[in-house]
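Let's take a walk through this protein chain together, starting with the whole and then stopping at a few places along the way.

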Amino acid sequence: MASCSTVACGVCDSQHTTTNADYWCPECDEGLCFNSNHANCVGILSLENVIQTAKTSVLLETIDQNLKDIKMNIERVVKDRTQNLVEIKKQKQKFHDEIKQVRNQINEHLDNLEQQILQDLHAAEDKIKSHIDDQLGKLTEHTEKLDLLQTNMSALKEYASDLQTFLGSKMIETEIKKHELFMQSLYKDDSLQKIDLNCKIEDKISDLMSAVTSFGSISVDASSPLVEMQSEKDKQAQIGTLNHAPPTTFSDIKMTLKRKFGFTCVTGCSLSSTGDIFLLDYSKNRLLILNESGTLKSEIPLSKNYPVDVTCIDDKTVAVSFYSSDQIQIINILTKTIDSMIKTTSNSPCLCYRDGNLFCCNTSIGIQRENVSGNCSSTLVKDATMSDWSFVTTSKDKIMYSNCTNSTVTCCSLAGQKMWEYKDQLIRNPRGIAVDKDSNVYIASSGNNSIIVLSSDGKQARKLLGRDDGIDNPFGLAFDVKKEKLLVANYNRPVFRLRLKWHHPVQFACGICEFQHTTTNTEYWCPDCDEGLCSQCLKYHNASKALRNHDVISVDNYKQLPPSIANISPYCAQHDRKFKIYYCPQHGSICCPTMIYVAEEKVKSQIEDFLRKLAEHSDKLDLLETNMSAIKEYASDLQAFLGSKMIETEIKKHEIFMQSLFEDSSLQKNDLNCKIADKISDVLTTITSFGSISVDAGSPLVEMQSEKDKQAQIGTSNHAQLTTINDIKMTLKRKLECIGITGCSFSSNGDIFLKVNVSGSYSSTLVKDETLSNWSFVKTFKDKIFYTNDSTHKVTCCSLTGEKIWEYKDQLVRNPRGISVDKDSNVYIASQANNSIFVLSSDGKQARKLLGRDDKINIPNGLAFEVKNDKLIVANYYGPSIYEFC
C-alpha cells in the first residue's frame, strides 16, 4: 500500500506548522493530526483506515447514487424539453392555421365588397346608358320627322300653288316650333348635361397599403418549469435542515381578529401587492375593491351572473370566474372594462394566478393551466371527481386544491404528480385554500364552519377557528405572506381579516456540543453555519479550512436582532444549500421574433441546443459510471480512495450544471403567442364597403346654334354696346406681401386663394395640343375654353367640345402664362417674358398692353378676374397685386 506520509494536517498547516496527518475528516475535506483541535469532531477517520475501506465505504455508494440521481434528472429534463418542443410545434400549427383563417376571411370579405361595388358600377352605367339611349331614341324620332318636313318643304317649293305654299309653310312652321321647343327643353331640364361616372375608393381600403405594416406579432412566453430536481441527497439534506432549524409548525400558529368588513354573500377574495382587497359579491353580481383599511374604493358591475372566484393578476387587472360557466373574464379595474375573455374546456368556477398563467379547477377534468393571453392550455392534474366548488392555490413548487365532493385536500407538484392527500372528519366540504410562507395549508371547511390548518407534509391537522370565532359558511381564503394576514370570505357573515401570531423558539445551545449529546452554553453565533458555538468549539471552528472565513458574532449581539430577522436562514429551506445567484450569459437577454416561423425556429433551436448539452453531460456521466465500476473491480485501495474523490469532484460539476438549469430559467416552459394586428382584425368589422359610385353631371359640351340666334345677338349688340378693349383702364388697388406665388383665384364671397389643390377621379381629353408646355394656363367662360401655350407664345379659344374658334399669336405676347376673362368675354393674358398684362378682344382679333413693369408687374404667372367687382388679381412671382377698373 502506498504511504500516506505526504498528507499534511490541515489545521496545523493553517497555523504555519507542518505535521503529518493521522486522520481524514470527510466533512472538512482535509487531513488531521492526532493532537489537532479536531479531536472532539465526530466522524474523523484514520487515513489508513479510509484507504483500506475505500472500496466498501459509503462514499462509493453515495457517488453511485449521485450518478443515478443526475442521470435520472437528465432523463426527466430531456423528456420535459422534448414535450415542450412538441407543444411549440402544435402551437405553431395552431397560429399558422389561425393566420390563414383570418387571411381567408379578409379575402372573402374584400371579395364581397369588391363584388358589391362592381354591381353598383354596372348599375350606374346601365342607368346612364338607359337614360342616354332613351334620349337618342327621341332624337331619332324627331330627326325622322324633320327629314319628312324637309322633304315636304322641297315639294312645296317645286309643285305647290301660292296658296298651298303659304298655308303649307305655316303648318310646317308650327311643326318646326314643336321641335325647337323639344330641343330647348333638353337644355332646360339638364338632359344634355355631361355625365361622368365617379368612383371613390374607401379611405380604410387605401390605408391598408400604408397603415398596415404587419399581420401581427409573435412572442415567446416563458413560465415556471414543470419539472423538478429529485435526489436522495436532497431528501437527506432536507432532513438535516429540520434538525438544525425547524420551520414554524402549525401547532405554533395563533390568530387574532384584525378587522371585519361589512359585506356578506362573498364567495371569492384576493389581495394585490399594494394591499388592495378584492371581494366577489355572489348575490349582487359585482366586484368590490377595498383599500387596506377596508374602505370601499370602487365597485364594478359584472356582465355575467353568479361570480365565484377572483384572483389578482397585477395592479391593474384581475381574473373573475363564474358558476356553471366555461368563461373567465380578465377585467381592467382602472377602466372597469373587460380586457379579454378566456374560454376553458369545461366549467371553471375557481382559479388562481401564477407567472402569467391561470390555474383553474375544471369540473370533472382536474387542474387546467390557461395562459392569460388565452393561446395555450394544458391539463396538469387529472381528477375526474373535481367538483364545482373546488378551490386551488400554488406555493413554491406545489399545487394545492380542495375537493368539496370528496372532502379531500390534495398537494401535487407543478408537474402534476400527487405528493399527499388529506381526508378526515375534521374537514367537511372544503372550499377556499391558502398557504403561508412555511407551506402550512389553510382550509375553509364549510361543512363544519371552521378554518383548518394542515402541516406542510399533509400529515397533521388542527382546527384554528370555528363558529364561535365568527366563521359561518366560509368560501374563499387569501393569505398575505408579507404581512402574515389571512382573509376569510364568509357567505353568511361579514368578511374577516385575521393576523397570524406564532412563537419562534431560538435555541442558544452550542450546536457542535449538542450534536455530540452535550449541553454547553452558547457564547458565539455563526450566521453562515446558522448555529451557536461555545468558546472551545469556536477554536476548532476557526481552525477548519472550510469554516475559518465565516464571520462569527457574539451571542449577545445576535440577541439584538428581531425574531423575524434572526429566523432568516442563509440556507434554502427546500434544498438546504446556501442561496447563490448565477448569471447565464446565454440567457442574459430576451429576443422576441416578429414572425411565427422565426419564433418557432428560435425556440426550437434553443431547446435542441439545450438537449445537446444534456446529451454531452449524460455521455460524461456514463463514462464516470464505467470508471466507477472499474475502480470497484481493479483499483488498489489508494487508487480507489483518490479516484473516488476525483469522480466526486466531477459529479459535483454536473450537479452544479443541473442546479443552474433551474436558476437561469433554462427549464422554463416556452409557449408561442400570436397577436393579430388590430388593423388586420378591424378589416372584417370596420370596412363595410369598397368605396362608392356616383354620377357627376357637368355643363353641356354641346351648344344650340341657329341663324335666328345669331340675328338675335346682332340685334342685342345694337341695343347695348359691349365694352371694347380700348375702353379698359386699370389702377393698382392693393399689393400683397408674399413671394413664390404661381397661381391665384377668387371665391364667391371675395376670398383670395393663392394656392389651390383640386383632386379628381375622372379625366378626359377635350382639346388635343401636343405642343402644350408645362406652364400653360386654362380658363373657361360661358361656352368657351381659353388657354395659353408658353412654348409657342399662343393664346387659343375653343368650344366646350374642343373645336378651335380662334388663335392669337403676336410679338406683343411672349411666354403667356395666366389667363382670365371678364363679363364681356375680353381675355386678359399674363405675358411673363416682357412683364406685362395684355387684353385681347373676345374674337381674338385685337390686343393691347394694359399693365407693365411700371405698374408693379414683375414675372406674372396666374391671373384671376372677379366679374362681380371688376377686379383683377395678378400672381406676380415677387408679390401678388390686385387691380380694378377705373
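What follows moves from the overall chain to a helix, a strand and the cysteines.

A word on the basis: this is a predicted model, in which local features need pLDDT of at least 70, side-chain atom pairs count only at pLDDT 80 or more, and totals for chains, interfaces and linings use all residues. Residues are numbered from 1 along each chain as its sequence is written, and side-chain values use heavy atoms, with hydrogens and water left out.

The chain holds 14 helices and 48 strands; these are DSSP runs numbered from the N terminus, with helices being H or I of at least four residues and strands E of at least two. Of its 886 residues, 41% count as buried, where buried means under 20% relative accessible area, exposed over 50% and partly exposed in between (1.4 Å probe, protein chains only). Among contacts (heavy atoms within 4.5 Å) with a separation of 6 or more, 54% join residues 24 or more positions apart.

Now please find helix α4, residues 162-188, which includes F166. After α4 comes D190, whose phi is positive, near 60°.

Next, turn to strand β2, residues 30-32, where G31 sits. G31 is buried, with a relative accessible area of 3%. What is it in contact with? Leaving aside neighbours within four places in sequence, G31 touches V7, A8, C9, G10, V11, A21, Y23 and W24. From G31 to T19 is 12 residues in sequence and 9.8 Å in space, C-alpha to C-alpha.

How many disulfides does a search of the whole structure find? It finds zero, a disulfide being a pair of cysteine sulfur atoms within 2.5 Å. The sulfur of C350 has its closest cysteine sulfur in C361, 5.9 Å away, so it is too far for a bond. The sulfur of C537 is 3.5 Å from that of C534, its closest, which is also too far for a bond. C350 is buried at 0% relative accessible area, and C537 counts as buried at 5%.
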